Amino acid sequence: MKKLIVKTTIIIALIIVATACNDSYFDVNTPSATADVEELRINDLLAPIIHSTMEGQRSAELTFGNYVQNFVGQGGTASGETTASGLWSQVYLYILPNIKVIKEKAEEKGAIHYAAVADILTAINLGIATDTWNNIPYSEANSGQDILFPKFDTQEQVYTSIFTLLDSAIANLKSTDNSGIFLGNEDLIYDGDLDKWQRAAYTIKARYQLHLINKGLFTANDVLTTLANGFTSNDDDFKMFYDDKNINPWYSQEVLARNTGNFHNDIASQMVSSMNGDYYPFQSGLLTIDPRLSVYAQNDGSSDWKGYVSGGGGLSPDGVTDGNVGFVADGYYTSIDSPLLLISYAEAMFIKAEAAFLANGGTSISTGTNTTAYTAYINGISASMNMYGVDGVNYIADGSVNVGETGLMLNHIMKEKYIHNFLNPETFVDFRRYNFSDNVFKGLKIREEIDTASDYAGEWFRRATYPSTELNRNKDNVEANQQTPVTKVWWE
């Protein structure tokens with residue numbers, strides 16, 4: 001069932017609390033819709049936190065989706081260096097301050113289940129923030145005037161906090177809550193279903209464990225153990241729907257903009273060529289495209305599907321410079337009431353497939369795996385097809401996909417995860433985990449800069465730089481942690 005945003009709840013529950021900043025934050029007028037903390041019930045705060053969490057994910061994807069060539073700017077424009085300032089504002093102005101209030105009210109009332117959900121949301125936001133900037137304020141953030149210039153925690157410290165938060169949330173969700181305070185329709189994700197929140201916590205934990213395998217802090221078998229308690233079907237997907245009054249932002253960004261002649265994005269060659277047979281030629285004669293492509297995109301009416309080359313130069317795999325594919329007007333993500341999706345059962349299956357492949361001794365260039373990895377790979381594709389509402393029978397049966405246990409390679413798993421996670425910033429993590437390897441992401445080439453004098457031409461972007469607002473407010477700490485946008489983050 002679709003869970004719709006309650007806009008009035010979001011507006012009424014908005015509070016402003018100083019975070020990673022100095023006292024200039026206090027020299028502003030209080031918005032008319034702002035409520036005093038004492039006036040708010042614990043239930044009033046959850047909807048705006050969830051809304052900002054999902055909007056923050058989309059804000060990050062506006063740049064990272066270009067970095068990983070889900071889409072390009074109109075005419076093939078590639079994104080340059082980013083500060084991801086929209087995400088920073090969501091996390092530090094609207095999410096962490098409200099979560100702090102929930103936690104305080106939950107402790108006062110003994111509402112451990114509410115506190116658990118708040119911890120899961122904190123972990124999610126710390127995760128996207130640290131994966132975006134590397135070191136970030138956390139342990140001293142949200143201290144208001146007590147600490148006006150908060151230090152930045154290292155990414156390693158932030159990840160430790162993420163796992164502590166998720167483990168605490170899982171333990172609390174398994175415990176009895178005698179507070180009499182229950183989640184209801186203010187829960188825009190699961191409508192108060194605590195079993196789904198628990199499965200979400202495990203699945204999100206597995207996602208973050210996967211990030212750290214190359215650091216030696218977790219093993220592939222650790223990921224599999226965690227996933228055993230995670231999502232069990234598409235019904236567990238972590239997503240928030242919009243409605244015809246509170247319209248989906250991708251619909252505004254892509255469909256309305258295109259229809260009114262304003263700047264919009266087009267679908268990139270890397271995505272289209274992963275789905276039209278360029279990189280993985282179909283063998284059955286029953287397919288010309290992956291059936292999910294028509295849910296993401298529409299072409300100019302021709303029988304061919306050609307994406308736009310990132311950077312506006314060079315040739316696509318079929319030898320053309322200009323694509324013909326833009327966002328579909330009524331797709332899964334681009335309808336008025338479409339959802340924003342954070343993590344899904346299908347992604348969980350691809351995480352399981354990758355972890356099992358690696359646990360079996362697989363590498364980025366090896367061939368062959370075990371039944372666990374192959375079954376998860378096929379189940380992930382099937383779940384993806386079902387989620388997007390398309391018939392995937394011929395696709396799954398095609399020899400380019402149905403390669404068997406002995407033929408499975410890591411690039412097959414990651415190709416399917418890449419396709420499924422369209423418009424999900426997690427793909428930027430995957431590209432960095434495998435160092436933008438074209439062994440893992442077949443056909444991948446770096447964006448081609450029109451301006452070859454660019455400071456970072458020929459280099460992959462790996463992080464955002466800190467927003468100028470934070471540089472102005474917390475200069476010493478920002479400068480102590482600032483790196484170039486092509487510098488690897490800690491877990492790489």
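What percentage of the 492 residues of the protein chain count as buried? Once that is settled, please go through the helix pairs, with H2 and H3 in detail.

Author: The model is a predicted one. Of the 492 residues in the protein chain, 60% count as buried. The chain has 17 helices and six strands. Among its contacts with a separation of 6 or more, 76% join residues 24 or more positions apart.

Two packed helices are described by the angle between their axes and the distance between the axes. The pairs below are taken in that way.

Start with helix H2 (residues 43–67) and helix H3 (residues 85–109), whose axes come within 9 Å and cross at roughly 160°. Angles over 145 degrees count as roughly antiparallel, so H2 and H3 are roughly antiparallel to each other. Their crossing is left-handed. On the H2 side the contact is made by Leu45, Leu46, Pro48, Ile49, Ser52, Thr53, Glu55, Gly56, Ser59 and Ala60. These meet Gly86, Leu87, Gln90, Tyr94, Ile95, Asn98, Ile99, Val101 and Ile102 of H3. By class, the contact of H2 with H3 has 11 nonpolar, seven polar and one charged residues. An α-helix has 3.6 residues a turn, so residues three or four places apart point the same way.

Ile42 belongs to the loop between helix H1 (7–12) and H2. Its relative accessible area is 6%, and Ile42 is therefore buried, the cut-off being under 20%. Leaving aside residues up to four places away in sequence, Ile42 touches Ile102, Lys105, Ala106, Ala111, Tyr114 and Ile181. Ile102 is also one of the H3 residues that meet H2. Ile99, another H3 residue in that contact, is 57 residues from Ile42 along the chain, with 9.9 Å between the two C-alpha atoms.

Tyr114, touched by Ile42, falls within helix H4 (residues 112–133). At 1.5 Å a residue, the 22 residues of H4 should span 32 Å, and the end C-alpha atoms are 31 Å apart, which agrees. H4 is mostly covered, with 21 of its 22 residues buried. Just after H4, Asn134 takes a positive phi of about 80°.

The next two pairs share H11. Helix H6 (residues 194–211) and helix H11 (residues 345–359) pack at an angle of about 40°, their axes 10 Å apart. H6 and H11 are therefore oblique to each other, and their crossing is left-handed. Thr203, Arg207 and Leu210 of H6 meet Glu347, Ala348, Ile351 and Glu354 of H11. The residues of this contact divide into three nonpolar, one polar and three charged.

H11 also packs with helix H12 (residues 371–388), where the axes come within 8 Å and cross at roughly 160°. H11 and H12 are therefore roughly antiparallel to each other, and this crossing is left-handed. From H11 the contact takes Tyr345, Ala346, Met349, Phe350, Lys352, Ala353, Ala356 and Phe357. From H12 it takes Thr372, Ala373, Ala376, Tyr377, Asn379, Gly380, Ile381, Ala383 and Ser384. The residues of the contact of H11 with H12 divide into 12 nonpolar, four polar and one charged.

Last, Val393 is found in helix H13 (residues 393–397). Val393 counts as exposed because its relative accessibility is 58%. Val393 and Ser382 are 11 residues apart in sequence, and their C-alpha atoms are 8.4 Å apart in space.

Terms used: Residues numbered from 1 in each chain as written. Predicted model: local features only at pLDDT ≥ 70, side-chain atom pairs only at ≥ 80, totals over all residues. Heavy atoms only, no water. Helix = DSSP H or I, 4+ residues; strand = E, 2+ residues; numbered from the N terminus. Buried < 20%, exposed > 50% of the residue type's maximum accessible area, 1.4 Å probe, protein only. Expected span 1.5 Å × (residues − 1). Axes fitted to C-alpha atoms, helices over the stretch in contact; angles between N-to-C directions. Parallel < 35°, antiparallel > 145°, perpendicular 65-115°, else oblique. Left-handed = near helix turned anticlockwise from the far one by under 90°. Contact = heavy atoms within 4.5 Å. Nonpolar A, V, L, I, M, F, W, Y, C, P; charged D, E, K, R; others polar.
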